[in-house]
Structures are given as C-alpha cells and as structure tokens.
Amino acid sequence: MILLLLFACAPDDCAAMCDAALVRFEACLAERGEAWGPEVGYTDAADYENWCATYTWELRQLGEAETCAEKLPMFEDGTCDDYDAAWSAR
C-alpha cells in the first residue's frame, strides 16, 4: 500500500517534459526571431500545451510514457538544435 502511495505522488515526467518543451520552444522562437502563428505550427502557448497534452496522452495509451523522461533533459538543458532533434528522433 505504501509503495502505491509513493507512485501516486511521483512527479509526472510527461507534464514536466511538456512544461520544459514549452519553455525551450518559446526561447527558440525568440532566438530565431519568430513568433507564434501558422508558420511555426502553433497559434500560441495554449495551442502548444494542448498539442503536448495530446501527444503525451497518446504515449501513455501506447505504453511509451518513458519517452517523456528520455526527452526531458534535452528540453531542460539543451539548445534549439537539441529541441529539434528530440522531436525528429521519434
């Protein structure tokens, strides 16, 4: 029972990945002189958050939620090139 409670309180790697990816994406927009809109694929931050929530839901349904933990460091500590590579890897 205690083990079950520990897992219930564990941080969600997919939520953390989405948060970090959004921060990195916004930084890349600024670095590249771009703005939210059709040219970058998302109308605004909420659109990006919705997309990422759907993506991670699909990962969970497929039993591939570990992908979130794998990508998280690239978004937290990586560059814009790392961001791009993380999405093209899978």
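## Confidence in the model

The protein has a mean pLDDT of 89, with 87% of its residues at 70 or more; pLDDT is the predictor's confidence in each residue, on a scale from 0 to 100. This is a predicted model, in which local features need a pLDDT of at least 70 and side-chain atom pairs count only at 80 or more, while totals for chains, interfaces and linings use all residues. Residues are numbered from 1 along each chain as its sequence is written, and side-chain values use heavy atoms, with hydrogens and water left out.

Where does confidence reach its lowest and highest means? The lowest is in helix α1 (residues 2–9), with a mean of 42, and the highest is in helix α2 (residues 13–32), with 97. Across residues 1–10 the pLDDT is below 50, and this stretch has zero contacts in the model beyond near neighbours in sequence; a contact means heavy atoms within 4.5 Å. Where pLDDT is low, the predicted coordinates should not be read in detail.

## Overall make-up

The protein has five helices and zero strands, giving the pattern α-α-α-α-α along the sequence. These elements are DSSP runs, numbered from the N terminus: H or I over at least four residues for helices, E over at least two for strands.

Of the 90 residues in the protein, 31% are buried. Buried means under 20% relative accessible area, exposed means over 50%, and partly exposed lies in between, using a 1.4 Å probe and protein chains only. The accessible surface comes to about 5,800 Å², and carbon and sulfur atoms hold 58% of it; the areas come from the Shrake-Rupley method with a 1.4 Å probe, and for residues only the protein chains shown count as cover. Among contacts with a separation of 6 or more, 58% join residues 24 or more positions apart.

Let's start with α2 and α4, whose axes come within 8 Å and cross at roughly 30°. Axes here are lines fitted to C-alpha atoms, for helices over the stretch in contact, and angles run from 0 to 180 degrees between N-to-C directions. The two helices α2 and α4 are therefore roughly parallel: angles under 35 degrees count as roughly parallel, over 145 as roughly antiparallel, 65 to 115 as roughly perpendicular, and the rest as oblique. The α2 and α4 crossing is left-handed, a term used if the near helix is turned anticlockwise from the far one by less than a right angle, with right-handed used if clockwise. Residues making this contact include Met-17, Ala-20 and Arg-24 of α2 and Leu-72, Phe-75 and Glu-76 of α4.

Helix α4 (residues 66–77) also meets helix α5 (residues 80–88), with axes that come within 8 Å and cross at roughly 160°. That makes α4 roughly antiparallel to α5. The contact is made by Lys-71, Met-74 and Phe-75 of α4, together with Asp-82, Tyr-83, Ala-86 and Trp-87 of α5. Helices α2 and α5 pack at about 125°, with their axes 9 Å apart, so α2 is oblique to α5. Their crossing is left-handed, and the residues in contact include Phe-25 and Cys-28 of α2 and Cys-80 and Tyr-83 of α5.

Is Phe-25 buried or exposed? At 8% relative accessibility, Phe-25 of helix α2 counts as buried. Leaving aside neighbours within four places in sequence, Phe-25 is in contact with Trp-36, Val-40, Tyr-42, Tyr-48 and Tyr-83. Phe-25 and Cys-80 are 55 residues apart in sequence, with their C-alpha atoms 7.6 Å apart in space.

Tyr-42 sits in the loop between α2 and α3 and counts as buried at 15% relative accessibility. Not counting residues up to four places away in sequence, Tyr-42 touches Phe-25, Trp-36, Gly-37, Asp-47, Tyr-48 and Trp-51.

Leu-29 lies in helix α2 and is buried, with a relative accessible area of 5%.

Glu-76, in helix α4, is partly exposed, with a relative accessible area of 44%. Which residues does Glu-76 contact, leaving aside neighbours within four places in sequence? They are Ala-20 and Arg-24. Glu-76 and Met-17 are 59 residues apart in sequence and 8.2 Å apart in space, C-alpha to C-alpha.
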